[in-house]
Amino acid sequence: MEKHEYRGYEIAIQVERLASGRFMVDARITARSEEEKAHNSRTPWLGSKQLHSTSQEHAVSRALNSSRQTIDLLIANRS
């Protein structure tokens with residue numbers, strides 16, 4: 001499992017290689033800063049699962065970029 005910090009949130013990414021050779025990527029976004037935790041108290045974490053047919057490296061990169069965009073939207077909607 002890989003963990004990344006971005007704008008007061010933690011992104012945890014877990015990759016599983018399927019028998020078909022594809023990759024299942026499970027990404028979870030959790031607020032880390034007290035301000036973001038208070039704002040998102042009803043949803044302690046957000047998550048998504050995605051199926052990728054590319055390499056594991058590309059799958060993680062896509063999940064990380066997608067998670068960062070989601071965080072940017074969360075912060076923008078709060079303002």
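## A buried serine

At 4% relative accessibility, Ser67 counts as buried, a word that here means under 20% relative accessible area, with exposed meaning over 50% and partly exposed in between (1.4 Å probe, protein chains only). This is a predicted model, where local features need pLDDT of at least 70, side-chain atom pairs count only at pLDDT 80 or more, and totals for chains, interfaces and linings use all residues. Residues are numbered from 1 along each chain as its sequence is written, and side-chain values use heavy atoms, leaving out hydrogens and water.

Ser67 belongs to helix 2; helices (H or I, at least four residues) and strands (E, at least two) are DSSP runs numbered from the N terminus. A polar atom of the Ser67 side chain lies 2.9 Å from the backbone oxygen of Ala63. Setting aside neighbours within four places in sequence, Ser67 is in contact (heavy atoms within 4.5 Å) with Ile11, Ala27 and Ile29.

## The nonpolar core

Ala63 turns up again in the largest nonpolar core, which has 14 residues. Such a core is a set of buried Ala, Val, Leu, Ile, Met, Phe, Trp, Tyr and Cys residues joined through side-chain atoms within 4.5 Å. The residues with the most contacts inside this one are Tyr9, Ile11, Ile13, Val25, Ala63 and Ile71. Strand 2, strand 3 (23-31) and helix 2 (56-78) each supply at least two of its residues, and helix 2 gives the largest share, six.

## A loop residue to look at

Now look at Arg7, in the loop between strand 1 (2-6) and strand 2 (9-17). Arg7 has a positive phi of about 50 degrees, although it is not a glycine. Its relative accessibility is 46%, so Arg7 counts as partly exposed.

Key:
Polar contact = N/O pair within 3.5 Å; in protein donor to acceptor, adjacent residues only side chain to side chain.
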